[in-house]
Amino acid sequence: MKIILPFENTPEERLGIGPSQGVVYALDEDIVLKLPFQYEVTRDIKQAYCWDHSIRSLVAMEQEAAVYEALHNRPHPNFTRKLATNQSDYLFLERLEPLQEAWPNAKQRDRHRWVLELLAAVSYLEKIGFVHGDLAVRNLGVDRSNTLKLFDFGSAIPRSHPDFSHDIVRDHSNLATCLHFLLSGVDPFADAHSHARVTKIRDMLKDGRWRIAEGAEVIADIIRDGWAGRNGSMAFNDLFVQKAIIKDFSLVARIGFTTRGGIPIGKAPMNTSLLAGMRVMRRI
């Protein structure tokens with residue numbers, strides 16, 4: 001059954017399509033449009049699965065809109081910007097370069113900064129009352145100022161949701177995978193194209209049977225604990241402070257930052273929100 005689209009002429013460049021999240025089109029070099037799946041309602045009962053698909057997609061769009069509404073009131077530089085429109089049934093978003101495409105040409109210093117920016121993003125999302133629910137390399141991008149940004153909040157749920165604590169554990173595991181990729185360029189799930197393969201890799205990660213790739217050894221303990229589920233009860237901000245900084249203070253120096261008055265500062269400019277988030281170093 002054909003998807004209903006709000007175009008006279010459908011854009012030629014389709015950037016992605018998710019199982020239930022929706023479809024994304026590039027409108028130009030700066031803007032993308034994200035739409036939920038919507039199908040015609042017919043009398044053909046054989047098409048009922050399409051309507052279920054539409055409902056799931058619309059729910060995901062509502063969840064994503066709730067996160068962007070919270071970010072509108074409390075903005076943060078490490079999230080994709082939602083462009084202001086009066087439309088509520090689809091989203092206009094800034095266009096990013098996918099992390100997989102940006103990583104090979106990035107300098108090590110950039111990759112290390114991206115680690116801090118990702119930790120800042122997930123910590124802030126938790127602070128405003130949400131868990132992402134689908135942290136993955138595919139949901140990270142880089143803007144024109146080379147800033148890492150998180151997007152795709154269709155699986156995000158608020159703190160009041162009964163599955164919040166369960167999704168926190170899962171996000172810790174997925175965060176470990178993202179950190180591993182940022183530092184090494186290796187995504188364990190890159191070639192996993194079946195549920196069975198994904199399950200096998202998750203079991204290997206959880207059991208400690210996956211070798212930490214070169215470059216990611218600097219935070220190997222954080223990555224292993226995330227995969228094994230040992231970080232599940234820890235807030236993301238506490239993970240950064242207690243494990244990455246207090247437990248191993250030299251990490252700051254190794255990823256290219258020095259400290260002044262307990263606040264990490266880089267030789268390259270850092271955004272003020274990231275600096276503010278890192279003032280937790282005062283506990284040292």
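**Exercise 1.** Start with D152, which sits in the loop between strand 8 and strand 9 (157–158); strands here are DSSP runs of E, at least two residues, numbered from the N terminus. Work out whether D152 is buried or exposed, and what its phi is near.

*Solution.* A quick word on the model: it's predicted, so local features need pLDDT of at least 70, side-chain atom pairs count only at pLDDT 80 or more, and totals for chains, interfaces and linings use all residues. Residues are numbered from 1 along each chain as its sequence is written, and side-chain values use heavy atoms, leaving out hydrogens and water.

Step 1: phi of D152 is near 65°, a positive value in a residue other than glycine. Most residues other than glycine have a negative phi.

Step 2: D152 has a relative accessible area of 13%, so it counts as buried (under 20%; exposed is over 50%, partly exposed in between; 1.4 Å probe, protein chains only).

**Exercise 2.** Find the stretch where pLDDT stays under 50.

*Solution.* Step 1: pLDDT is the predictor's confidence in each residue, from 0 to 100. The chain mean is 80, and 76% of the residues reach 70 or more.

Step 1: the stretch is residues 244–284, for which the model has 77 contacts beyond four places in sequence (heavy atoms within 4.5 Å).

Technical notes
Helices (H or I, at least four residues) and strands (E, at least two) are DSSP runs, numbered from the N terminus.
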